[in-house]
Amino acid sequence: MWEYIKKAMLSHLSFSFSATWNWIRAFWRKNGLLTLSMLSVVTGCLLGFLLRVLELTELEKQYFSFPGELLMRMLKMLILPLITSSLMSGLATMDSKACGKMGLITITYYLWTTFMAVTVGIVLVISIHPGAAAQKEEYTVNKVVLSSADALLDLIRNMFPSNLIEASFQQYRTVLVPVVKSSGFPKMPGNSLSFIYFVPDDENPEIQRAVLLEITPSPQMTYRTLPGTSNEMNVLGIVIFSATIGLLLGKMGERGTPLVNVCQCLNEAVMKIVSIAVWYFPFGIVFLIAGKILEMEDPAMIGKKLGLYAITVVTGLVIHGLILLPLLFILITRKNPFTFIQGILQALLIALATSSSSATLPITLKCLLENNGIDRRVARFVLPVGATINMDGTALYEAVAAIFIAQVNEYDLDLGQIITISITATAASIGAAGMVIVLTSVGLPTDDITLIIAVDWALDRLRTMTNVLGDALAAGIIAHVCQKDFAPKPEKQDPMSNTEKLSSAENLLLPPKDHVMEMIVETLSEQTGVNYNICQV
């Protein structure tokens, strides 16, 4: 009897242990990397604040942040080949009519969501009024800032780079060079410009001694604009060039097939590199976040001066990212947005660590293809364009910062100026000098940008998460809206095509994690009948 009970209990325990172990293995395969990334963010924050007690030198901080620097270099290395191959291959294998429709919907959606974000930020900053709690520094540094007209022209120049090789590592940026003008004092012959000062005597202060000083007037300074560069990749110019080449390759038919095949294979090879490199990301995130915390100034002083401003920006980002965008997703797709967001958590964590939408692009593309099953043609177009022009979080941040600076200077904005800020923040969120354009549009001092520099590094990471979230949700919405344009048409295909049968059979056998590497056969158009066969990498 006891032996029977003992065997039953052991078999039950063995079954429970086996079931638990299988559940752990399944969970680790699906969410292991995401779990490590979340733990690395928490570990990086704790490690950074603990090491602040040691008061490390600048050299020690640099050495400590080296693993995080490697993470940034890995991601930036993949931006150029991923953008060019994704856009060229994606647009070349789409029908021109469907491509035009998708492009129009994408641009319209991005502009609309950006304007929504700006509106949320303006309502919050006017309601909370964080400028009342902040104080301006007693001293200001007269720093000459580029005008809004020059900043806008730089943005247009970067859309059409003069050198594609240079565009991969440099942007065009106008520089201001000081020019000394001649003295404005009139020259009078025989008379020198001199002043008499009376200085107390060293021994007897009551005696005033006359001191004659010949004064040279300070020169008048003017600034001249000259062409210059900045050491940043010109993503906007590369996106426009790649999209143009992709559209033209699609119209070339069979002559463009070899180059499209090269782009397809390059894209899949880059994604294979990403799938290998992601296992280094949790280790690099720890040192990247901890290194930024070590470089931060006194947190207590920053919180006292800019705490209310930071709360306003974070509240706006939360409302826009977790309420408005998911609500828009529900209304259009009739699907659960938070299930969709769960699939891109890895990309959001990378955005938090790197504060760069372009650097997060490889991970975002991988998450959408593998976890959310977005059509690769839609993702290849929507994500690179979104990483360049869709800056919801940045537009909200710029609108809040502009009105905050006006509140600090006790400058009352009327309705027309607020509307001007909303329009310029929406349009200027693309460029690097967008903040300058917004401030100068309503006559606010551009020198006061230094007021918010102390918290910019932290808020930059949060608004980058909002930007990446907006890009991913846009891909899901546009894939739903345009699904009929990309749906297969079996009645117009050759029923005896062995290639298509083989492709379908292989697709069924592939596991979900290798979905991004599946063999695809994409038809360019019904008129040309050109098929692009992509090899398995």
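1. Helices here are DSSP runs of H or I with at least four residues, numbered from the N terminus. The model under review is predicted. In this model, helix α10 spans residues 299–333 and gives the most to a nonpolar surface patch, with four residues. The patch is made by Val314, Val318, Leu322, Ile323 and Phe338, and its area is about 420 Å². Ile323 is located in α10. With a relative accessibility of 47%, Ile323 counts as partly exposed, because that class lies between the limits of 20% and 50%. As to the spacing of such positions, an α-helix has 3.6 residues a turn, so residues three or four places apart point the same way.

2. The structure holds seven aromatic pairs. One of them joins Tyr309 and Phe404 in a tilted arrangement, with 4.6 Å from centre to centre and 35° between the planes. This pair links distant parts of the chain, since Tyr309 belongs to helix α10 and Phe404 to helix α15 (residues 392–408), 95 residues apart. Tyr309 counts as buried because its relative accessibility is 1%. Phe404 is likewise buried, with a relative accessible area of 1%.

3. Two further features involve aromatic side chains. Phe64, Tyr280, Phe283 and Phe287 make up one aromatic cluster. Elsewhere, Arg463 is placed over the face of Tyr397, at 3.9 Å from the ring centre.

4. The loop between α10 and α11 (337–342) contains Arg334. The phi of Arg334 is near 60°, which is a positive value in a residue other than glycine. Most residues other than glycine have a negative phi. Arg334 counts as exposed because its relative accessibility is 68%.

5. How far is helix α12 enclosed by the rest of the structure? Nine of the 10 residues of this helix (residues 345–354) are buried, so α12 is largely enclosed. The buried residues are Gln346, Ala347, Leu348, Leu349, Ile350, Ala351, Leu352, Ala353 and Thr354. Ser355, with its positive phi near 55°, follows α12. Ser355 is found in the loop between α12 and α13 (357–370).

6. Met72 is a residue of helix α3 (residues 66–92). At 14% relative accessibility, Met72 counts as buried because the value is under 20%. Apart from its neighbours within four places in sequence, Met72 is in contact with Leu288 and Thr354. Thr354 is itself one of the buried residues of α12. Met72 and Ser356 lie 284 residues apart in sequence, yet their C-alpha atoms are 9.3 Å apart in space.

7. The final point concerns the chain as a whole. The protein chain has 20 helices and six strands. Of its 537 residues, 45% count as buried. Among contacts between residues at least 6 apart in sequence, 81% join residues at least 24 apart. The pair of Tyr309 and Phe404, 95 residues apart, is one link between distant parts of the chain. The protein chain exposes about 29,200 Å², and carbon and sulfur atoms supply 64% of this area.

Technical notes. Residues numbered from 1 in each chain as written. Predicted model: local features only at pLDDT ≥ 70, side-chain atom pairs only at ≥ 80, totals over all residues. Heavy atoms only, no water. Patch = residues over 30% accessible without salt bridge, like charges linked within 9 Å, V, L, I, M, F, W, Y side chains within 5 Å. Areas by Shrake-Rupley, 256 points an atom, 1.4 Å probe, with all protein chains shown as cover. Salt bridge = Lys/Arg side-chain N within 4 Å of Asp/Glu carboxyl O. Helix = DSSP H or I, 4+ residues; strand = E, 2+ residues; numbered from the N terminus. Buried < 20%, exposed > 50% of the residue type's maximum accessible area, 1.4 Å probe, protein only. Phe/Tyr/Trp six-rings, centres within 6.5 Å; stacked < 30°, edge-to-face > 60°. Lys NZ or Arg CZ within 6 Å of the ring centre and 35° of its normal. Contact = heavy atoms within 4.5 Å.
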